[in-house]
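Could you walk me through this structure in my viewer? I would like to know what to select next and what is there.

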Amino acid sequence: MIRLTPPDGVAAAAELLRAGKLVAFPTETVYGLGADATDGQAVAKIYAAKGRPSFNPLIVHLPDAEEAEALVTMGPEARALAAAFWPGPLTLVLPLRPGAGVASLVTAGLDTVALRVPAAPLARDLLRAVGRPVAAPSANLSGRISATRADHVIDGLSGRIDAVLDGGACDVGLESTILRPDPAVLLREGGLPAERIEAILGYPLTRDVTPGRVQAPGQLASHYAPGAPVRLDISHRAPDAVLIGFGPVAGDLSLSPDGDLTEAAASLFDALHRADALARARGHHRIDVAPIPDRGLGRAINDRLRRAAAPRP
Ligand code: TXA
Ligand code: MG
């Protein structure tokens, strides 16, 4: 896999994507593993590279909100949420227009498609240069920790994809919040706190984030898993565990010494990658994580941690 760097790397990455190749690229949430969403064979390579079960539909990325209406129909809530939060870490699941040209493998045959306009300027430059919708799941092996740095992508997918566009560390660090609007159902907690969506909608969200449900098949109970098992209860510390701290709990490394949830979200996946490397180096068999308050971004952080800690299949 080649590492491309901006500004020159953007045109090269776009050229590769237009030629049906797989290119990982940074968004403000996590690195995506991109393919031309109109090219079924290119999309098929995503599933092969990730080792992902083929029934999981993918998110389609666009450079501007205006381009969404060519692919989907948008009701009043969809329009209001797009106006408020695009570009940004919100994915909307919307009715696909017949003949939109999105490969059926992207939607796994559903009559809806998940759309997102990322906020990272590098992602938008790339999407504009490609000139086609880009399907991209998170750029990690299926079931493993998401990538928030180009090095994470290289560690996980080297030899399986064509290139990574290196834009440094992702700002938000958690995947986008996924919502089906009109009427609104929250399908995945993520980088946009639910409270901010509720402020626009004017009513409390219904949640359908049950692990393993068909509505958001990527929401498997075990996911984001490092090599070493993860434990969230630190009331009985064991000497053979790496501790990820938060706030007053210092740990071997910390998500945020100040107890700041935005900082914790941005550092979560990198901390899991680092804790895993530390566990390997020390011969430790477990990763313990300090408690995180369950509000705002803390809800999405806890969702990812519960999946990292869930029994493995
Ligand atoms: O921040 C993000 O969302 C990142 C960046 C790269 O954009 N992408 C990401 O993709 O997290 P992925 O594939 O790891 O997760 C996509 C989620 C899965 O849970 C999938 O099942 C759900 O989106 N999804 C996609 N299309 C859907 C649809 N039509 N209906 C319901 N859920 C859908
Ligand atoms: Mg993922």
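Predicted model: local features only at pLDDT ≥ 70, side-chain atom pairs only at ≥ 80, totals over all residues.

You will find an open sheet of eleven strands with mixed pairing, in the order 1-8-2-3-7-4-6-5-9-10-11. Strand 1 (2-4) and strand 11 (206-207) stand at the edges; each has a single partner strand, so one side of each lacks a neighbour in the sheet.

**A helix on the sheet.** Now select helix 2, residues 40-50, which packs on the sheet and touches strand 3 (31-36) and strand 7 (134-135). Its direction makes about 145° with that of strand 3.

**Strand 5 and Leu94.** Next, show strands 5 and 6. Strand 6 covers residues 112-116 and runs antiparallel to strand 5, with four bridges joining the two. Look for Pro95, which stands opposite Thr112 in strand 6. Then pick Leu94, placed in strand 5 (residues 90-95). Is Leu94 buried or exposed? Leu94 is buried, because its relative accessible area is 1%, under the 20% cut-off.

**Helix 5 and Arg124.** Finally, move to helix 5, which lies across strand 2 (23-26), strand 4 (59-61), strand 7 and strand 8 (163-165), at about 140° to strand 2. Select Arg124 in this helix (residues 121-130). Arg124 is buried too, with a relative accessible area of 18%. What does its side chain meet? A polar contact of 3.0 Å joins it to the side chain of Asp64, and a polar atom of the Arg124 side chain lies 3.0 Å from the backbone oxygen of Pro63. Arg124 also touches Pro87, Val117, Pro118 and Ala119.

Definitions and conventions
Residues numbered from 1 in each chain as written. Chains lettered and ligands numbered in written order. Heavy atoms only, no water. Buried < 20%, exposed > 50% of the residue type's maximum accessible area, 1.4 Å probe, protein only. Polar contact = N/O pair within 3.5 Å; in protein donor to acceptor, adjacent residues only side chain to side chain. Contact = heavy atoms within 4.5 Å. Pairing = 2+ DSSP bridges. Axes fitted to C-alpha atoms, helices over the stretch in contact; angles between N-to-C directions. Lists of a residue's contacts leave out its neighbours within four places in sequence.
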